[in-house]
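Welcome! Here is a short briefing to read with the sequence and the model side by side.

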Amino acid sequence: VERLAFVVLTVLALTSAAIVVLPAVRNAVVCALALAFNLVAMAGFFLLLRAQFIALLQVIVYAGAILVLILFVIMLLNIKDERRLGRSGPVQRLLGPALAAACGGLLGWVVSAAAGERGFPAPSPEFGTVRALGVELFTRFFYPFEAISLLLVVAMIGAVLLAKRRL
Amino acid sequence: VSDLTFQLAATFGLILLVVNGLMGGVAVMTWIERRVCGVIQFRWGPNRVGPFGLLQPIADGIKFVMKEDVIPADAHKAVFVLAPALSLVPALCAFAVIPFGPTIEILGRRLDLVIVDLDGGILFALAATSLGVYGIVCAGWSSNSKYALMGGLRSSAQLISYELALALSVVGVLLVSGTLRPTEIVERQAGWFWNWNALGGGWQLLGFLIFVVAGYAETNRLPFDMPEAESELVAGYHTEYSSMKFSMFFMAEYVNMTTASAMAVTLFLGGYHLGFPLPLTGWPLWILQILAFVAKVGCFMFLFVWVRWTLPRFRYDQLMELGWKRLFPLALANLMLTAVAVACGWIEG
C-alpha cells in the first residue's frame with residue numbers, strides 16, 4: 001500500500017511541479033494552483049515518512065496560508081498574459097538549471113553522508129507525534145529554535161516598516 | 001472475521017455513515033433554513049411539497065439536476081469546473097477526525113466512532129478547512145466576472161484573517177487538554193457538564209465565543225457573508241455558476257457549517273458526552289451519546305440560521321477591523337491567560 005501511495009504521490013508531485021515551471025503554461029493563476037497541489041503532495045510524502053505533524057503544518061502554513069496570499073496578489077494584479085514580460089535571457093536559462101542541479105546534488109550528498117554505511121535507524125513509534133517533536137524542539141534544538149523565532153520577528157518588523165513608512 | 005477485514009469494513013462503514021449523514025443533514029438544513037426564516041419573518045416558507053414541505057429538498061435536488069449547466073464563454077474552463085469540487089472536498093475531509101460517538105463494541109471488537117483517530121487530529125481539521133478557500137478563490141477568478149472576482153478576493157482575505165483568531169482560540173483548549181487528539185479531548189470532558197472545556201473543565205468560555213464568531217466568518221455566513229453580499233456583488237464568487245455546480249457550493253457551505261459546529265461541540269462542549277452521568281452501559285448509553293452529539297450540533301446549526309435571519313451584514317472594513325483589532329488580541333489574551341493558569345496549576349493540564 002505504501003509503495004502504491006508513493007507512486008501516486010510522485011506522479012502528482014512531478015506533474016504539478018512541471019506545470020508550475022513549464023514555459024507552455026503562461027497563466028500565473030494556473031501555476032499557483034499547481035503549486036498548491038504540489039505542496040499537498042509533499043505533505044503526503046511527509047505522511048509516508050511518518051512525520052504527520054510536519055505534513056499537517058505543511059498544508060496549514062504553505063498551502064493554506066502563504067499560497068493563498070500569493071494567489072491573492074496574482075489575482076489582484078490581474079496578470080492577463082505573461083508574454084509581455086518577454087522571454088528570459090540566456091543567463092537565466094543557463095544558470096537556472098545549473099543551480100537547480102547543484103541544489104539537488106548537495107541534497108543527495110547530505111542525505112547519503114548522514115545515512116553513512118548503516119543507513120537510517122528505524123524511527124521509534126513515538127516519532128513524528130506532536131509530543132515527540134515538541135520535546136525535541138525545546139530540549140535538543142532549543143537554541144536554534146529560539147534563534148529562528150528571533151529572526152522571524154526581526155523579519156516581520158522589517159517587512160512592516162518597509163510596507164508602511166508612515167505609521 | 002480477521003482484524004484487517006474488520007478494520008477495512010469498519011472504516012468504509014464509518015465513511016459511508018458520515019458522508020451520507022452530512023449530505024442528509026445538508027438536505028434537511030436547506031428545509032430548516034427556509035422554514036425558520038419564514039417563522040422569523042412572519043411568513044410560511046416552503047410548505048407545499050409533502051407534509052410541512054418536508055419533501056422540498058428532494059424537489060430542489062431534481063431541479064438542480066435538470067437545470068442547464070452554463071459555463072461562461074470567457075471562463076477558464078478547467079479551473080471553473082474544478083472549483084466546486086475544491087470547495088466541497090476539503091469540507092467533507094475535515095469531518096474525518098471528529099469523534100461523533102463513544103468507543104463501541106461490535107463483534108467482540110472495540111471501535112471508535114471516528115473515521116481516523118489522528119494524533120494531530122485538530123490540526124488535520126484546521127488544515128482541511130484552510131484548504132476550502134481555494135474553491136472560492138478559483139471560482140471567483142475563473143468566472144471572469146468582476147463580481148465573482150471581488151467575492152473571491154474578499155473571501156480569501158476574510159478566511160485568512162479569521163483563521164488566526166480561530167486557531168488561537170483552539171490552542172487554549174489544547175493547552176488545558178495537553179493533547180491534539182480529538183478523542184482524548186472529548187474523554188477529558190466526561191461526566192457532568194461543568195467538566196466541559198467551555199465551562200469548568202478548562203475555563204475556555206472566552207475561547208469558545210471567539211471560536212464561534214470566527215467560525216461564522218470562516219463559513220461565510222451572515223453577518224460575515226461578504227463573499228456573496230447580494231446587494232453589492234450579486235452573488236459573489238458563485239454568480240456565474242448554475243445547476244449542480246452551484247448546488248455543490250451550497251452543499252460545501254452547509255457541510256462547513258456542520259464541521260464548524262461539530263468542532264465547537266468537540267472542543268468546548270463535551271463532544272458526545274451527555275453532560276450528566278446516567279446509570280446505563282452498553283448500547284443504550286452509546287446510542288444516547290450519539291444522539292447527544294447530533295443534538296448539540298443541531299443546536300449550533302439552528303443558531304447559524306437564527307443569526308442569519310436576525311443580524312444585518314457588516315461592512316467589509318468593519319469586518320477586517322473586528323477580525324484583526326478585536327478578535328485577534330482577545331484570542332491572544334485568552335491564550336496568555338490560559339497558558340499562565342496551566343503553568344501555575346490553576347487548571348488541570
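Is T259(B) buried or exposed? T259(B) is buried, because its relative accessible area is 1%, below the 20% cut-off. Please keep in mind that this is a predicted model.

**Around T259(B)**
- You will find T259(B) in helix α10 of chain B.
- Setting aside residues up to four places away in sequence, T259(B) touches A91(B), A94(B), F95(B) and I98(B).

**The largest nonpolar core**
- This core holds 109 residues, and those touching the most other members are Y134(B), Y162(B), F208(B), F211(B), L267(B), F268(B) and F293(B).
- Helix α10 of chain B, residues 243–268, contributes the most to this core, with 12 residues.
- Beyond its neighbours within four places in sequence, F268(B) has contacts that include V173(B), W196(B), F208(B), F211(B) and M263(B).

**Where chain A meets chain B**
- Chain A brings 25 residues to the contact and chain B brings 26 residues.
- About 2200 Å² is buried between the two chains, with carbon and sulfur atoms giving 80% of that area.
- L56(A), V68(A) and M75(A) supply 26% of the area that chain A buries against chain B, more than any other three residues.
- On the side of chain A that touches chain B, the elements giving two or more residues are α2 (28–48), α3 (52–77) and α5 (130–138) of chain A.
- The largest share of that side, 15 residues, comes from α3(A).
- By class, that side of chain A has 20 nonpolar, four polar and one charged residues.

**Salt bridges**
- Over all chains, the structure holds six salt bridges.
- In chain A, E136(A) pairs with R140(A), their closest N and O atoms being 3.1 Å apart; E136(A) is partly exposed at 31% relative accessible area, whereas R140(A) is exposed at 62%.
- In chain B, D60(B) and R34(B) meet in a salt bridge at 2.7 Å, N to O.
- That pair links distant parts of the chain, with D60(B) in helix α2 and R34(B) in helix α1, 26 residues apart.
- D60(B) is buried, with a relative accessible area of 16%, while R34(B) counts as partly exposed at 27%.
- R326(B) and E321(B) also form a salt bridge, 3.4 Å from N to O.
- D117(B), R181(B) and E184(B) are joined into one network by salt bridges that share partners.

Conventions. Residues are numbered from 1 along each chain as its sequence is written. Chains are lettered from A and ligands numbered from 1 in the order in which they are written. This is a predicted model: local features need pLDDT of at least 70, side-chain atom pairs count only at pLDDT 80 or more; totals for chains, interfaces and linings use all residues. Side-chain values use heavy atoms; hydrogens and water are left out. A nonpolar core is a set of buried Ala, Val, Leu, Ile, Met, Phe, Trp, Tyr and Cys residues joined through side-chain atoms within 4.5 Å. Buried means under 20% relative accessible area, exposed over 50%, partly exposed in between (1.4 Å probe, protein chains only). Helices (H or I, at least four residues) and strands (E, at least two) are DSSP runs, numbered from the N terminus. Contact means heavy atoms within 4.5 Å. Buried area is the accessible area (1.4 Å probe) that two parts lose on being put together, summed over both. Ala, Val, Leu, Ile, Met, Phe, Trp, Tyr, Cys and Pro count as nonpolar, Asp, Glu, Lys and Arg as charged, and the others, Gly among them, as polar. A salt bridge is a side-chain nitrogen of Lys or Arg within 4 Å of a carboxyl oxygen of Asp or Glu.
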